[in-house]
Amino acid sequence: MTAANAYKEHIGRFLLPPLLGLLLCFCSFVAVAQTEPPTTHPAQIKPPADTLARDTTDPKKFLQTLRRISQKKTIFGRLVRELIIFKPRTTGGPLDTEILPQDHEQHNYKVVRKIYYKRLEPFGYSMNDTSKVPNDPWENLGNALHMRTKKGRISNTLLFKEGELLEPLALSESERLLRQTDYILDARILVNDSTSTRDSIDIVIITRDVFSISGSGSASTSGTRLSLRDINFMGVGHQIRTTYRFGLNEPQPWQFQGSYFIENISRSYISAEVVYHNTYYYKQESIGFRRDFFSTNTKYAGGATAGWYQTLQPNYYVDGPPEPGEEMTFTPLDYNIQDIWVGRAFGMKSYDLAADNPSRLIAAGRFMNVKYTQGTSLPTIQSARLYLAGFGHSFRRYYKDQYLFGFGRTEDIPAGNLLAVTAGYEDGSQKNRLYLGAKGAFGKYRPNFGYLYGGLEYGSYRYKDAWEQGVLTAEGLYFTPLYRFGNWRWRQFLWNRTTLGLTRPDLFALNIDNDQGIRGFSSGSIRGYRKFVLNYETNFFTPLTLFGFRLALIGFADIAWITDRPNGSPFKTKPYQGYGAGLRFRNEYLPFNTIQVLLGYYPRVPHLNNLQDLKLFQTGRQYYDFNDLRFTQPLVTEFR
């Protein structure tokens, strides 16, 4: 038996049993088995080592049977030949999960002599083997339709320049910032040790693009939708997003949503965005500029936004939640907002001359003017000028890992802590009052433990010697280490969110629909003042590729308590639950959202709107996300 045949036999032993079931459900997809053979790479560019265990399963008879079928000149034989392709797929091995800056500390304060760029197209290339080129005509076609990210756009993101001294954290932070862009799948910043000297270095930057253009559409008896977006217009990082709907069964039979986003203007890290939405329920025209504390050593941040809005607010304040069979009523709400803020970060003293102290003390101020032209009869609505001042301490470090929210791409995990205090004054058309808020959060990551995040936030107004319109929120997120079973990977998530309304006049503002509580659950009648939500999810990342989309098997269990009594405990009510399983698809090289097809079971559903206890639904949003532990503009704690 040749080495190639032995290799194919090895692939088939693992993949074919699960593939048979998938073939019955997804006979239009291409299943590609993945293994992770050792990769080669040019000198001075050292990819992470591959330490995955080989698979040992042995369905040899099934493999031989399927191969015999594929060799027959029948319709089914041709179908098997077209749909099932067994070939090795080169992917990156597990990453070193050490703190990002540690590999580069010896190069701090050296002169950056030369920067070399290696910009890879989306399809057929490898971050770990830059000599690899596409050999598939479809990959070549995709690359031909793609406009590669301009070198100037990449250099704008870097925190260092040729001829300047290399500041601490500049290499690792620049690599992380490149990965955080929507149009770059992965990035590596490496030092060429063979040409480096005691006082100067050469740097190699390797990036791999995402195919930036995407579109979608749908048609049904209720309307037609067309969407088009380009997240890297002309290779300069500009983002255009548009969605148009028509033929709708609404008073306004058409809808349009569009935005244009410019990232990091002229290396200033100032971004601009124009947004226009026009739907029956919501209208928006806004323009904004912002510069965040994007890096741990950013000194200045700020932003300015102006917007005009029209919306229909559910009329819970007068009528309460609708009774079974009743339709929801709405109150028109029109307003405009002008918002501006500025912040300054101050570095802490470092006792290590070769490294920077990532701790920062931060002070910020914010002014927001909100003017309502319709809807001021609602109890929490008043035109006002809000003055806020924020003070905080932020400590951030980042780790690298894989298979968290992506399917093998490098992901940055924030760790550290954040403490922030906000004080302000609201000069309102109906009443003037003080505001006080505080927030504390931490994140810890260990390769053998996983990741743990905890956060606590409180905010309330002071009026006539009493606190009002307060909210207390708590959040906890934990995910396990990545477990490996041959070429399969397994990770679990546990997430808790708690919101308690304190002396609030905005009736029934909380809900537990979808992202706010139980995924796949939707009801306009389940609302309240206080809630406690617990979400569990398990992910099995398979070694399968279907039409270029990686496949994961997921299961979830959600439970939520909510009370409509202003001072009641949510645990004194019967909980709502959701249980389900499904499939998750994602192509990391395309700008499409993750596709999830889930089947959910809900033991307790309200009778309103004929809701079903068994529901098949699709979603394009990931359910979990990191809190970046980043100090933002001074905020009023949200009640949601």
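Figure 1. Thr-311 is placed in strand S12, which spans residues 300-314; strands (E, at least two residues) and helices (H or I, at least four) are DSSP runs numbered from the N terminus. The model is a predicted one, in which local features need pLDDT of at least 70 and side-chain atom pairs count only at pLDDT 80 or more, while totals for chains, interfaces and linings use all residues. Residues are numbered from 1 along each chain as its sequence is written, and side-chain values use heavy atoms, with hydrogens and water left out. With a relative accessible area of 16%, Thr-311 is buried (under 20% relative accessible area; exposed is over 50% and partly exposed in between, with a 1.4 Å probe and protein chains only). Its side chain reaches the backbone oxygen of Tyr-281 at 3.3 Å. Not counting residues up to four places away in sequence, Thr-311 touches residues including Tyr-282, Thr-331 and Asp-334 (contact means heavy atoms within 4.5 Å).

**Figure 2. Thr-637 in the segment after strand S28.** Thr-637 lies beyond strand S28 (614-619), in the segment that follows this strand. Thr-637 counts as buried, at 8% relative accessibility. The side chains of Thr-637 and Glu-457 are joined by a polar contact of 3.2 Å (a pair of N or O atoms within 3.5 Å; within protein, one must be able to donate a hydrogen and the other to accept it, and residues adjacent in sequence count only if both atoms are side-chain atoms). Neighbours within four places in sequence aside, the contacts of Thr-637 include Tyr-435, Tyr-458 and Val-471.

**Figure 3. Strand S4 and its pairing with strand S5.** Eight of the eight residues of strand S4 (residues 184-191) are buried, so S4 is largely enclosed by the rest of the structure. S4 and strand S5 (residues 200-209) run antiparallel and are joined by seven bridges (two strands pair if DSSP finds at least two bridges between them). Ile-189 stands opposite Ile-205 in S5.

**Figure 4. The largest nonpolar core.** This core has 26 residues, and Phe-293, Ile-413 and Phe-479 are among those with the most contacts inside it (a nonpolar core is a set of buried Ala, Val, Leu, Ile, Met, Phe, Trp, Tyr and Cys residues joined through side-chain atoms within 4.5 Å). Strands that each supply at least two residues of this core include S13 (330-347), S16 (411-428) and S19 (466-479). S16 provides the largest share, four residues.
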